[in-house]
Amino acid sequence: MESSGPLLLSIETSCDDTAAAVVRGRELLSSVISSQFGHDRYGGIVPEVASRAHQQMIVPVVERALEEGGISRKELAGIVVTEGPGLAGSLMVGVSFAKAMALGLNVPLVGVNHIEGHIFSVFTEREGPDFPYLCLIVSGGHTQLMVIDEPMKYRLLGRTRDDAAGEAFDKIAKLLELGYPGGPEIDRLARSGDPSYHRFPRSRPGKYDFSFSGLKTSVLYFLNQMSAPERKSLYEKYLPDLCAAVQAAIVDALLAAVEDALEEYQVKDLAIVGGVSANSGLRGSSETIARRRGVHLHLPDLRFCTDNAAMIATAGSVKFLRGIRSPLTLSADPSLSL
Ligand code: KG4
Ligand code: ZN
């Protein structure tokens with residue numbers, strides 16, 4: 001690990017986590033995340049609640065990141081911030097704070113695309129894949145398959161036509177009354193379940209495109225056609241099996257496209273990133289595929305799968321070293337694309 005390089009602070013507030021990290025070159029000095037509690041009772045994220053919480057948390061989270069990194073803000077060479085995509089009010093808190101800090105310290109500002117941050121999460125605290133490589137991005141807001149030819153050079157192969165994979169997990173978990181976000185809970189229950197309990201559809205609307213809204217509907221039909229006693233026994237005995245069947249449908253749909261792309265593009269490295277890359281079924285099945293095909297699989301460390309500022313710092317330091325800077329007129333872009 002390099003012990004030199006620019007000392008950067010990164011800030012991530014695109015959704016409901018207020019996060020800050022400090023890096024020195026490629027070395028991660030600290031990574032702090034303050035997750036917001038309270039969205040659970042609404043069954044999802046309430047944008048205004050999220051932005052208000054960011055306003056309260058941003059200063060303590062940044063102070064803690066600096067303290068745990070063992071540095072003072074005067075030593076910083078630049079400020080990195082997620083500029084989009086995400087919730088407008090949430091992004092604005094981070095972007096405004098980062099601009100004020102860059103202005104106050106008279107250091108450059110570097111804006112990072114949140115999806116690009118996830119892509120760089122396989123380079124956080126590790127060597128990362130060799131270029132070109134195939135990258136599956138699976139989060140609560142995005143599901144995309146890409147070939148990455150070199151740092152920051154992306155070729156989009158396909159994306160979801162409706163719900164993102166994480167959104168599918170969360171919506172189905174909501175039908176099953178498993179709380180929010182339900183992805184981790186489905187994963188936990190699925191570990192002791194039998195995926196052959198029921199075969200849900202694996203839809204493939206295009207060669208590398210995904211669609212998950214039909215799966216949610218078919219889970220709903222599956223539940224609705226049950227009698228009250230059948231439902232009772234489902235919740236008492238078969239919930240792990242149902243979760244395993246749902247998880248298998250999502251994982252199979254994702255990995256079928258991955259396998260075809262590995263075949264077509266003949267890359268030697270595969271990365272899977274984003275919140276859903278924490279899923280144990282996806283991790284396990286992708287390892288099996290990688291072994292069978294002789295490709296190197298790169299999964300982020302579990303703490304860098306879901307939203308965090310360390311991945312934003314990793315992307316930011318690559319941009320910083322390439323001389324990429326953002327003007328102080330930078331504004332949050334909720335629908336920023338790569
Ligand atoms: O990357 P992320 O933190 O936020 C976005 O950029 O969207 O991803 C959050 C998503 C949520 O939908 C959550 O349910 C899902 O990732 N997720 C999981 C797991 N951990 C997080 N889904 C399935 N299994 C998991 N273990
Ligand atoms: Zn994310």
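Me: Why is Leu254 called buried?
Reply: Buried means under 20% relative accessible area, exposed over 50%, partly exposed in between, with a 1.4 Å probe and protein chains only. Leu254 has a relative accessible area of 0%, so Leu254 is buried. This is a predicted model: local features need pLDDT of at least 70, side-chain atom pairs count only at pLDDT 80 or more, and totals for chains, interfaces and linings use all residues. Residues are numbered from 1 along each chain as its sequence is written, chains are lettered from A and ligands numbered from 1 in the order in which they are written, and side-chain values use heavy atoms, without hydrogens and water.

Me: What is Leu254 in contact with, leaving aside its neighbours within four places in sequence?
Reply: Contact means heavy atoms within 4.5 Å. Leu136, Val138, Thr143, Ala165, Phe210, Phe212 and Leu282 are in contact with Leu254.

Me: Why does His118 count as buried?
Reply: His118 is at 1% relative accessibility, so His118 counts as buried.

Me: How do you know that Asp307 is buried?
Reply: Asp307 has a relative accessible area of 16%, under the 20% limit. Therefore Asp307 is buried.
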